[in-house]
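Please load the model in a viewer and follow the selections below in order.

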Amino acid sequence: MKTLSAVLLLASCLALSYTEEIKKDEGVLVLTKGNFKTALEENEFVLVEFYAPWCGHCKALAPEYVKAAAKLVEKGSDIKLAKVDATEETELSEEHGVRGYPTLKFFRNGKPIDYGGGRQADDIVNWLLKKTGPPAKALATVDEAKAFIEDNPVVVVGFFKDQNSPGAKQFLAAASATDDHPFGITSEDVLFTDYEASDESIILFKNFDEGKNVYEGEITEDGVTQFVTANSLPLVVDFNHETASKIFGGEIKSHLLIFLSKEAGHYDTHMEAAMAAAKGFKGQVLFVTINTDEEDHSRILEFFGMKKEEVPGLRIIKLEEDMAKYKPDTYDLSESGLTSFVQSFLDGKLKQHLLSQDVPEDWDKEPVKVLVSSNFDEVVFDKSKDVLVEFYAPWCGHCKQLAPIFDQLGEKFKEHDSILIGKMDATANELEHTKIQSFPTLKLYKKETNEAVEYNGERTLEGMSKFLETGGVYGQAAPEDDEDDEEVDEEGDVPAKDEL
């Protein structure tokens, strides 16, 4: 028996020796294939970031991820934050279905779910605490409530004498469904008195604007959720790396973008009017300021077809309709001007604003025809021809790589009677009937029917030729099978929504 015990002990030691040590980088576990399983076995809750060292979004997340790890330690939480270099640990990445960077997955007892929170430290911590604890923190004393409110930019507290009442249950249901902000609940008389709360009341506390909002009306899960959405962001949000995910990832999908120059004093001149106008559209339209002095924001001006001399200027963007854009007749940034513009949008009185260039005089000189908004329909919807169009962006690395091959394709088919090759700068030209989400996008508009078929095959002369010769059969794939350039583009060529 002693021999058997010794053998088992030796085997155990050998097994441990083959397990790679788990190192930490600023409080974040560094995981590899050699220690990944061990980390999940030793920790009940682990949030894992699969990243690429060259990825801009990963670089932006890194300091917030470190802050979140530190905040969890301060709170005495057992939740661990970890990271995996997906470019080195390719086997782990494939095993967990990583297609873009960063990808975050939350493991509870080794079982993963996709992370669905924001990218700021507080967002990460709040999401994790919601997934691992009660939906609302029990508040028993004034000191507890004060610390809870002061430790977070936005908190929601339910005051319920009976925490089993229908209203309290609806409140807790909303708390469970809301990951972005911490919820608290109390039945203590001293807290009702201290915060001037009536029975069955809900107060949102925040460290900006009016400081707090009181829920009104019947307490329902949807009502509480909408109340939190409408009041948890400032009346006017300034766009930057910290707020981007909240702006574009929030429930409010219609945004008034106010382009201002801090250096020119526009913020001082126009913010008061913007704040006043925003009050009337809380929960419907989010007011967002963009400082055009920031070099990083030049792409945003380009996206909206705006020139520097148009600042201060306005646009409305509607995200749920493929980022449809709207432009006012005049840039009136007074309270009444802003109110009128937004109300016209909500009333459906505005026509979508589409970018367009002039038709070049030599648009059809080369084998690859140059298309713009105004000549697109006439050329592409010619029912006697199959027309292949590349939608590109001048700054896109993948587009630059494709350009010489696409020119070869044009040369190959330039004498063909029923095939035409064209290209359009989709950053400067927009179409009401066709929305482009990533670059480059290749679409074949079939003769007779004008049916659009997207090409998802290899970007080679042979591949694209076969696509044309088979009438759009070869290389066609379901949209979900498409390799998404926007997610995996290591040059950061395609601006994501939070970069707009």
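A cavity is here a set of grid points where a 1.4 Å probe fits but cannot get out, and its volume is the space filled by probe spheres set on the points. With that in mind, note that the model is a predicted one. It holds two cavities of 30 Å³ or more.

To find it, select Ala-230, Pro-234, Leu-235, Lys-282 and Leu-286, the closest to its centre of the 13 residues in the lining. Next, colour α9 (221-231) and β14 (286-291), the elements that give two or more residues to this lining. By class, the lining of the largest cavity comprises ten nonpolar, two polar and one charged residue.

Move on to the second largest cavity, with about 30 Å³ of space. Select Leu-139, Ala-145, Ile-149, Val-157, Phe-159, Thr-186, Leu-191 and Tyr-195, which line it. Both α6 (142-150) and β8 (154-159) supply at least two residues of that lining. Seven of the lining residues are nonpolar, one is polar and none is charged.

Finally, display helices α15 (residues 397-412) and α16 (residues 461-469), whose axes come within 10 Å and cross at roughly 45 degrees. The pair is therefore oblique. The crossing of α15 past α16 is right-handed. For the side of α15, select Leu-402, Ile-405, Phe-406, Gln-408, Leu-409 and Lys-412; they meet Leu-461, Met-464, Ser-465, Leu-468 and Glu-469 in α16. The residues of this contact divide into seven nonpolar, two polar and two charged.

Key. Residues are numbered from 1 along each chain as its sequence is written. This is a predicted model: local features need pLDDT of at least 70, side-chain atom pairs count only at pLDDT 80 or more; totals for chains, interfaces and linings use all residues. Side-chain values use heavy atoms; hydrogens and water are left out. Axes are lines fitted to C-alpha atoms, for helices over the stretch in contact, and angles run from 0 to 180 degrees between N-to-C directions. Helices (H or I, at least four residues) and strands (E, at least two) are DSSP runs, numbered from the N terminus. Angles under 35 degrees count as roughly parallel, over 145 as roughly antiparallel, 65 to 115 as roughly perpendicular and the rest as oblique. A crossing is left-handed if the near helix is turned anticlockwise from the far one by less than a right angle, and right-handed if clockwise. Contact means heavy atoms within 4.5 Å. Ala, Val, Leu, Ile, Met, Phe, Trp, Tyr, Cys and Pro count as nonpolar, Asp, Glu, Lys and Arg as charged, and the others, Gly among them, as polar. On a 1 Å grid over the protein atoms alone, a cavity is a set of points where a 1.4 Å probe fits but cannot get out, and a pocket is an open set with protein on both sides within 12 Å along at least five of seven lines; lining residues have an atom within 4 Å of a point.
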